[in-house]
Amino acid sequence: MPKLSIIQSGKRMTNRPAIQIENCQFRYQPDSDKALLHIAHWQIEKGETVFVYGPSGSGKSTLLNLLAGILIPQQGNITLDDVTLNQLNHRKRDAFRAQHIGMVFQRFNLIPYLTVADNIKLASHFSKLDKQHLQQRTLELMKALQLEVALLERPASQLSVGQQQRVAIVRALVNQPELLIVDEPTSALDSDARDSFVDLLLGQVQAAKVTLIFVSHDRSLAQHFSRQLDIQSFVVAGEKHAV
């Protein structure tokens, strides 16, 4: 595979952990006596690549939604760098997510009738990037991921699966986030395409010095990552859930 260009992040880094969770409990039914997830303590250092695995319905997506501030725990704190997400109101959590967290979804979540450029711009809507910086960053990432600049004007529906994958990475990294969350992006891919995608993603993560949380039920991918987590270690025994 050709060597990829290196994109460096210019964001300030502190000595704090990238992620710190203390005594966190989350349940979908607040009146239940049992917590779906109970995390006594979990800490991820900056730049770590963490592989989170577990069977379908075991709570992997719930954990990601907590880390992104989409869900809020009933108890405990979730802190990214020096910001405790559950102490922010909804509007501030949305703004923090846009500025500090990139996300790649299972189906990539590109809007098919929008151009590639407009799909990427959506990710920067709430960010602090000015237009010129956004354009420059987009072009750098397109080049690094071996995407032709002409694709920026093409509707997302006209892209191949491989191109959609790489555009999803561009969109996730364009704001230079400190944390990248990736949710089951390889479930529909064959083994060769799956490994190629993971190598491509990790190359950019390393170049940008981003902390990565990668979720999958496929444990054969674990070898690519610096750390592994069985999500079932966070699940209270006997608790039923559907995510």
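## A tucked-away helix

K60, T62, L63, L64, L66 and L67 are the buried residues of helix α1. That's six of the eight residues in α1 (residues 60-67), so this helix is largely enclosed by the rest of the structure. Keep in mind that you're looking at a predicted model. Just after α1 comes G69, which takes a positive phi of about 80°.

K60 does something else, too: its side chain meets that of E184 in a salt bridge (3.8 Å, N to O). K60 sits in helix α1 and E184 in the loop between β7 (179-183) and α6, so the pair ties together parts that are 124 residues apart in sequence. Both K60 and E184 are buried.

How many salt bridges does the structure hold? There are five. One of them joins the side chains of R227 and E48 (3.1 Å, N to O). R227 belongs to strand β9 (residues 227-230) and E48 to the loop between β2 (37-44) and β3 (49-53), so this pair links parts that are 179 residues apart in sequence. R227 is partly exposed, at 27% relative accessible area, while E48 counts as buried at 17%.

R97 and D94 also pair up, at 2.9 Å (N to O). Here both partners lie in helix α2 (residues 90-100), three residues apart, or about one turn of the helix.

## Two helices side by side

Helix α5 (residues 161-173) packs against helix α6 (residues 191-208) at an angle of about 20°, with the axes 11 Å apart. That angle makes α5 roughly parallel to α6. Where they touch, Q165, R166, I169 and L173 of α5 meet F197, L200, L201 and Q204 of α6. Five of these contact residues are nonpolar, two are polar and one is charged.

Terms used:
Residues numbered from 1 in each chain as written. Predicted model: local features only at pLDDT ≥ 70, side-chain atom pairs only at ≥ 80, totals over all residues. Heavy atoms only, no water. Buried < 20%, exposed > 50% of the residue type's maximum accessible area, 1.4 Å probe, protein only. Helix = DSSP H or I, 4+ residues; strand = E, 2+ residues; numbered from the N terminus. Axes fitted to C-alpha atoms, helices over the stretch in contact; angles between N-to-C directions. Parallel < 35°, antiparallel > 145°, perpendicular 65-115°, else oblique. Contact = heavy atoms within 4.5 Å. Nonpolar A, V, L, I, M, F, W, Y, C, P; charged D, E, K, R; others polar. Salt bridge = Lys/Arg side-chain N within 4 Å of Asp/Glu carboxyl O.
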